[in-house]
Amino acid sequence: MRQLSQKFTFLFPAVFWLMFFFVIPLTIIFVYSFFERGIYGGIEYVFSFNNYYRVIDPLYLKAVLRTVYIASLNTLICLIIGYPLAYFISNQSQRKKNILLFLVTLPFWTNFLVRIYAWMIILRTEGFLNNVLLWMNLINKPFEILFTDKAVLIGMVYGYLPFMILPLYASIEKLDRNYLDAARDLGATPIKTFWRVIIPLTKPGIIAGSILVFVPSLGAFIIPDLLGGAKSMMIGNLIKDQFLSARDWPFGSALSFIVMAVVLILLMIYLRFGQTVSEKLYSNK
Amino acid sequence: MSSCEIGISIVNISKKYHSTIACDKINLSVLKNELFFILGPSGCGKTTLLRIIAGLLETDCGSVFLNNICLDNLPPYERDINTVFQNYALFPHLNVYNNVAFGLKMRNLSNTDIRNKVTKILSIVDLEGFEKRKPYQLSGGQQQRVALARALVNEPSVLLLDEPLGALDVKLRKQMQLELKHLQKKLEMTFVYVTHDQEEALTMADRIAVMNAGHIEQIGTPDEVYNKPNTRFVAEFVGESNLFESNNLRFNNDSVTLTLDNNLVIHSKITRELNQDQKLILAVRPEKIRLYKEPQPIKKAYNQIEGRIEEILYKGIMLYYVVKINSGQTVKILEQSYNQSAPHQEGGTVYLEWEKENTFIIEE
Amino acid sequence: MSVRVWKIYFNIHAGLIYSFLYFPIIILMVFSFNQERINAVWTGFTFNWYETLFKDAELLNAVGNSLLVGFFSTILSTIIGTLTALGMVRFRFPGKKILDAVLHLPIIIPDIVMAIAMLSFYVFINLILGLFSIIIAHVSFNIAFVAVVVRTRLAGFDMDLEKAAMDLGATPFKTLRYITLPLIMPGVIAGALLAFTISWDDFMIAFFTSGVGSTTLPLKVYSMIKFGVTPEINAISTITLLFTMTLFFIAMRLLRTK
Ligand SMILES: Nc1ncnc2c1ncn2[C@@H]1O[C@H](COP(=O)(O)OP(=O)(O)OP(=O)(O)O)[C@@H](O)[C@H]1O
Ligand SMILES: [Mg+2]
């Protein structure tokens, strides 16, 4: 009895709050995604799968595919440049490790909008990069990079790189150095050791990092909005438009739910079925 | 000494963790002002039992009574019981003074009262001048004394001690054992003291409950537990024993006779009621047996057997013999080495003798 | 020989990435003191842009709103998140795994999905959008962050201490007040600071769930950016960055205290 009332005190607030202000809202858009848009932008309560079919409409499919393409490319780039850094950090002294890791996480906790805005200053036609290149006589007229997919990609890598580095670091750090010595002892060259031993052993980190970068990339809005041009529409922009300008909430909801579904599937892969989130999060501590 | 009034009684307590049975229908009574020991190997459920008495753990079934009042619906903070935890559980953010004062503060005593009581108890456990230190600035022994003071200062009717001296070195432990015993008599408090150290239990206890795998094997005074173990477990866990087993068993009026192979006969006195359907084992402590080089005149009150020394080991001032007797089994014998004029040799024939009274009967 | 080449490569690589991470931030800060308004060339030092900020009533109002939202959402989410962390560590109950997953979900799902879900919900229940609606939404995801941080702290907490307190006569409330809370306080404060930073920095949810007159600082900055790149934005960005970096720094220090 005592236990029961205690459980209630501790857990009821969160259960209540998340029920009303998280689960129910998600349920609402889930339900909306099966309705249709009313004539004046309201909601027509008729059941259909139309909104999900519409995603294949070339008009929207392009944005969806671009999103997947950019998110994948971003994940790949983050992995390629993040891996050596994670490896580098894990080879430092404990003190240095802490500082270097802190420096990786610090930008992550600061204002995302502002950090992406900083790239606008740099990439603008009359911006820092062009001025420096002109001054160094490397180019003779400013080139256009802001408002292109390239700028979006730079912003993406910049914004999500820490998500890649941290899990990579965690798994490289756990690597038993004896394996490396054993591999070297058996005559493996450093490159062979890397491909045959280190990469397979750090696969959990690679998967975790990739998912953690890929997921927010799918839902990115600020980056394509600020750095991308009219042609660099991504799902995030599309969702926003459905809710704020086109007033087609059911379609916007369907798009969101597709993103959610991908996120949940990836999360499930990450948890390798059966393991709970907490076990994953707190067991290695 | 303790009175005959019952302080704590535990009725039919059971506790299961998943599949592990930590306490299995435990019944016992502790007298007022008694120094009561619970002795058992690691993992047998001692800590679990103490926590149930303190109210820190809910039971699956059974009840705990203190002065004949049922405690089952009383939360731990309303029980007149305090615990010295196995790992001390000192509050790391509070200094020694505040750790000790914690219980008094919870009872809303005035600051002067608190100060007086804390100062007094700290002088009893010899920790004056340590008030301002944090637990991590203390040695293991000092931490242990803080834990003791923190519990004692509340003057509970019952103090539960969970292997309180476990972390101390032998010398300090011996010294603290004496101090604790004196303290308990002086403060007239009921102590329930948990340990897995049989020597500690035998030297300090008024009574001992020997626990094994979640149940109580035997309850009795140190003398009873040591000299008259009721079960094989007690015989082997508390001290060492030579066990004699055979199907050839005969009951007489006041004795049991066991015949081993080669017609070796072991006698024992019956000192308690026995269940005659059960298998019985006779046993004797190694130090109760005397060794002779020549056959001794037959005496009615003695068991006498012949054997051959297989091995002699030195154990401090004691000599430890392994003797093979004619039934084929080996018997361990412990003798003091200084009363030997002519030492025994390995391989030599010897004659074992012990009083029938010292043979004890184990029910299986 | 080749080992040394690799070493040099790793050092350069790390140097480049750290430059990449901090370069934009530094540029932003430096240019917030630049006299030149349009072009990204250094023409001289000035505090002008900071001064104009303090005269911008709308901006100050947005800062006020952000502080309000941050304050209330932090208080609520810290209380709920701490209780949740304690509850999750202490108890077993049916459906624990589900609650565990739901609890962490707000961290992982893209904020735009969360934002439109909240918007739909508010419209569904006819709530008038404003600071209140932003606060509610912020609490929803901050509960998760606080709970994670406090649970990390609780991982090293000896549950016997609570038992000892109860044994000494402390009621569950007093145990929480005098033993548990003081011991996990660094975690709680760190969680609160992180919650505040997240709330202070949030653009997406405020973008969808703010109403008339409830513009927060990130919303204000966003509209300024959309209007055109100006040195005032650099100035306010610099202040914001330094503010959150300081909070984060303190939070990390706290988490490491023993
Ligand atoms: N919280 C728990 N969950 C599951 N099993 C437990 C738990 N606590 C104790 N046990 C198990 O219950 C049994 C009794 O444990 P208990 O702590 O009471 O032993 P003990 O006699 O105090 O041992 P020790 O002398 O080592 O302190 C052990 O087998 C132990 O593994
Ligand atoms: Mg124990």
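**Entry 1: strands of chain B**

I looked up strand β18 (residues 318-325) of chain B and found seven bridges joining this strand to β19(B), the two running antiparallel. The model is a predicted one, in which local features need pLDDT of at least 70, side-chain atom pairs count only at pLDDT 80 or more, and totals for chains, interfaces and linings use all residues. Residues are numbered from 1 along each chain as its sequence is written, while chains are lettered from A and ligands numbered from 1 in the order in which they are written.

I took strands (E, at least two residues) and helices (H or I, at least four) as DSSP runs numbered from the N terminus. Two strands pair if DSSP finds at least two bridges between them. For Y320(B), I noted L334(B) in β19(B) as the bridge partner.

**Entry 2: V125(B)**

I found V125(B) in the loop between α3 (111-124) and α4 (140-152) of chain B. Is V125(B) buried or exposed? V125(B) counts as buried because 23 C-beta neighbours lie inside 10 Å; the cut-offs are 20 or more other C-beta atoms within 10 Å for buried, 12 or fewer for exposed, and partly exposed in between, with C-beta atoms placed from the backbone.

Leaving aside neighbours within four places in sequence, I listed R145(B), L148(B) and A149(B) as contacts of V125(B). Contact means C-beta atoms, placed from the backbone, within 7 Å. I also checked W354(B), 229 residues from V125(B) along the chain; their C-alpha atoms are separated by 45 Å.

**Entry 3: helices of chain C**

I looked at α3 (residues 57-90) and α10 (residues 217-227) of chain C, which pack at an angle of about 145 degrees with axes 7 Å apart. Axes are lines fitted to C-alpha atoms, for helices over the stretch in contact, and angles run from 0 to 180 degrees between N-to-C directions. α3(C) contributes E58(C), L59(C), A62(C), V63(C) and S66(C) to the contact, and α10(C) contributes L217(C), L219(C) and K220(C).

**Entry 4: chain C against chain B**

I noted 15 residues of chain C in contact with 17 residues of chain B. On the chain C side, α7 (160-167) and α8 (172-201) each supply at least two residues, and α7(C) gives the most, with six.

Methods:
Two residues are in contact if their C-beta atoms, placed from the backbone, lie within 7 Å.
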